[in-house]
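Keep the viewer open as you read.

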Amino acid sequence: MALTYSPNLYSGTLYQEIFQEIFFANKTVRDGYVRLIDNVKDATILTSMSSTTAIKDYQAEPTTSTALTPSDTSLAPVQVMLYEEFDPNTLRGSRFAVDMAPGSFNMISNEFERAVMEHFAGKFGSSIERAIWQNVKTADKTAVAAAGSLNADVKRGWSQSDALVSMNGLWGKATITAAIAATGVKIATKNTDVATAFANLLSTCPTEAVMREDFTIFAPREYYQVILAKNSASTYRDVFTVIPETKEVFYQGIPVKFVPLTYTTATAAACLIAGPANDLVVGADLFSDTNTIEIGKKYNYADTMFVKAKFSLDTAVMFPANFTVQCNY
């Protein structure tokens with residue numbers, strides 16, 4: 001069984017709160033970091049339109065000066081899930097036995113079910129957010145590793161990414177097409193100094209993208225502490241604007257959002273992406289599914305129980321040329 005529990009025999013008064021290990025809520029979905037498209041049951045087509053348009057002097061018989069290019073991108077959420085099993089008999093002799101009904105057949109604890117649902121809802125949401133940003137398909141990961149023409153740092157970023165479910169997250173979609181070729185995304189010069197890395201991102205991104213109101217720098221969560229250290233080491237002024245109460249950070253007035261992008265603590269290796277947030281798309285059948293957890297009996301004739309959650313997920317990056325990525329390896 002997946003549940004490992006060595007309870008202390010309860011005696012006296014039980015402290016009501018059950019402490020949970022720390023995990024991050026799914027802020028990408030909850031706070032709308034990117035564009036969210038709900039109610040995608042099977043697949044939907046996202047169409048983008050680009051052109052080269054310029055005014056010119058009047059002509060009685062005008063000739064075209066516009067190259068109009070529509071482009072379709074498929075958003076096809078795949079089903080992902082969380083599943084664990086446990087033996088409720090493990091709970092006998094624990095604090096959870098207090099609210100079990102009398103009788104050997106009764107081994108269900110309402111308090112335990114509530115604690116499990118609260119815990120796994122948060123863990124599941126955190127896993128979903130990680131997949132949104134850094135998951136890649138196993139087959140694509142193998143193909144990228146074998147592709148000789150791709151940027152070496154991008155390839156290393158792919159090698160460090162998760163390959164847990166069959167969809168590519170936003171960082172992967174930004175850098176590699178379905179044909180395992182490079183997209184039009186810009187690749188900024190890497191630097192392990194956080195201020196220099198962010199400056200390189202901005203200098204590489206197209207001016208039109210940087211000037212958009214939704215232009216955002218997305219960085220690994222670990223960079224928050226790196227930024228605090230950078231400010232502490234600054235002599236005359238803070239390089240980053242930090243609002244401690246809300247953990248908001250700005251670089252040159254540009255919002256920095258901390259998400260589960262790839263970060264390797266041992267080498268400080270990191271993947272970053274900057275661009276218009278509304279052009280990063282996450283699609284699902286129903287986003288509220290991230291908070292839906294099911295607990296039940298595995299078999300009618302047995303006591304083994306399960307905890308399960310399901311969710312559908314896919315991502316898309318519109319206009320990759322408006323984005324800059326960086327791989328500080």
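Is phenylalanine 258 buried or exposed? At 11% relative accessibility, phenylalanine 258 counts as buried, where buried means under 20% relative accessible area, exposed over 50% and partly exposed in between, with a 1.4 Å probe and protein chains only. Before going on, some ground rules: this is a predicted model, in which local features need pLDDT of at least 70 and side-chain atom pairs count only at pLDDT 80 or more, while totals for chains, interfaces and linings use all residues. Residues are numbered from 1 along each chain as its sequence is written, and side-chain values use heavy atoms, with hydrogens and water left out.

On to the rings. A pair of aromatic rings is described by the distance of the centres and the angle of the planes. Here, rings of Phe, Tyr and Trp (its six-membered ring) pair if their centres lie within 6.5 Å; planes under 30 degrees apart count as stacked, over 60 as edge-to-face and the rest as tilted. Searching the whole structure turns up nine aromatic pairs. One of them joins tyrosine 223 and tyrosine 263, edge-to-face, at 6.1 Å centre to centre and 85° between the planes. Tyrosine 223 lies in helix α8 (residues 223-233) and tyrosine 263 in strand β10 (residues 263-264), so this pair ties together parts that are 40 residues apart in sequence. Helices (H or I, at least four residues) and strands (E, at least two) are DSSP runs, numbered from the N terminus.

Since tyrosine 224 lies in helix α8 and phenylalanine 258 in strand β9 (residues 254-259), the pair ties together parts that are 34 residues apart in sequence. Tyrosine 224 counts as buried as well, at 14% relative accessibility.

Now for the cores. A nonpolar core is a set of buried Ala, Val, Leu, Ile, Met, Phe, Trp, Tyr and Cys residues joined through side-chain atoms within 4.5 Å. The largest one has 47 residues, of which Trp133, Trp171, Phe218 and Ile273 touch the most other members. Its largest share, seven residues, comes from α2. A second, separate core of 25 residues includes Ala195, Ala209, Ala270 and Ala274.

Finally, look at glutamine 134, found in helix α2 (residues 110-134). Glutamine 134 is buried, at a relative accessible area of 3%. Its C-alpha atom is separated by 5.6 Å from that of leucine 261, 127 residues apart along the chain.
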